[in-house]
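Let's take a walk through this protein together. Please have the sequence and the model open as you read.

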Amino acid sequence: MQNTVFTNVRIFDGVSDRLQPGEVEIQGNRIHAVAKGGERLSRDGKSVVDGGGATLMPGFVNTHGHLSYPAVTTLEEIGRMPIEENMMEASYNARTALDYGFTAIVSGAAAKPRLDIVLRNEINAGRIPGPRMLATSPELTVSGGLADGNMWGRQIPANGLVADSPDGFRQIVRAMVREGVDLIKFNNSGDSFCYPKVGSITNPMTEEEVRAICETTTNLGRRLAAHAHADSSVAQCIQYGVEFIYHATFVTDRTIEALEKVKDKHYVTPAFGLRYNMHFEGEPWGITQEISERIGNKREFDATIENMTKMREAGIKVLPFGDYGFKMIPLGTDARDLQHMVNYFGYAPWEALRAATAYGGEAYGVEKLGRVKPGYLADLIMVDGDPLSNLALFLDRDRILMIMKDGQYHKAPPPPQSHRHAAVAE
Ligand SMILES: [Zn+2]
């Protein structure tokens, strides 16, 4: 296959604080060469794409995506949705995520036990478009915990997998690994989502249950993610090697210090957009600000701001995205999280983009991913404009000019003259 050379682009490489003019060569599914600052790559025998001054950068990596969650307002609705509709919606969501420049997703839990696994396999087989993906179990939970939507005497299926003993969880983990998951996700915190049952500051699992989940998963060579709002939940993530810590809302300074010591082993994804939208934009879905306060969402919102700011100062890797796809927080608006990181946690725009690309790729962890650098996987997007001065441009699908995953175009680049904003400052 012919190599492709992108010329006349400004490069965001995933880790630099500025765009640099340059050229990028793709060979097969990898980045082969990068030239910056006026150097030129050879064009001999290669397919040349004139980028027209657009920005070439790594595709986004979402470390807390729920592609198989349908666009609903409650977890109970996920449980009730029949598998056939659910699978079709998952497939639609996978394409939508890729359309918005998300070239890799670590699933933050599946809606049903085998949905993520089948979705990942279909994407890998090239039968449906979607990001590269790590498949995850449904949320493992205890009776009454987040994702247990059962009611006594009524057959309401939970979207989580419920157990109430170490052996119960061992059986679930082993079965999910048998089916083919990459990750096990468990809920060792409640959430304002399940008000008034188990709030975010409550850790409803026993130490023995958490240990059984983590040891069984690790022994079988799989990875871990946890819904961990409470301080004791985050401490367990550190103790048992849970790489993906979701929320980390109510961490104490002591736990932040402990996390700082092992900051290369963990990634914190607060999923702040959900908190934001529930509080400020939830009214059409029945969540007024008064309800947001009552169920504890506003408290989660405030604590997330305080603690993510502290984590940024401690150099802990805080990543954007997560929990997009519910009705009040539609898929495709995920990039709003980048601006939230700037507005609420104190990140510079380039740092938010570094978290969304280079750190996300590192967290994904399977291959070299998330940078514009020789040897890295050719997961790239080309955007119309300067994202460092306008993070909102990612919300407009038309301004994502080119999407490449694994060296293949999902969206082929347009002729350069059609770039509207490339040459002008924003
Ligand atoms: Zn989630």
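Predicted model: local features only at pLDDT ≥ 70, side-chain atom pairs only at ≥ 80, totals over all residues.

Residues are numbered from 1 along each chain as its sequence is written, and side-chain values use heavy atoms, with hydrogens and water left out.

The zinc ion is held at 2.0 to 2.2 Å by His 64 (NE2), His 66 (NE2) and Asp 323 (OD). Donors here are N, O and S atoms within 2.8 Å of the metal (3.2 Å for Na, K and Ca); water is not among the atoms, so sites may look incomplete. Along the chain, the donors follow the spacing H-x1-H-x256-D. Both His 64 and Asp 323 are buried, meaning under 20% relative accessible area (1.4 Å probe, protein chains only).

Next, look for the largest nonpolar core, which has 90 residues. Such a core is a set of buried Ala, Val, Leu, Ile, Met, Phe, Trp, Tyr and Cys residues joined through side-chain atoms within 4.5 Å. Phe 186, Met 311, Leu 338 and Phe 394 have the most contacts inside it. Apart from this core lies another, of 18 residues, including Tyr 69 and Leu 115.

Finally, find Ser 68, which is buried with a relative accessible area of 1%. A polar atom of the Ser 68 side chain lies 2.9 Å from the backbone nitrogen of Ala 111.

Definitions and conventions: Buried < 20%, exposed > 50% of the residue type's maximum accessible area, 1.4 Å probe, protein only. Polar contact = N/O pair within 3.5 Å; in protein donor to acceptor, adjacent residues only side chain to side chain.
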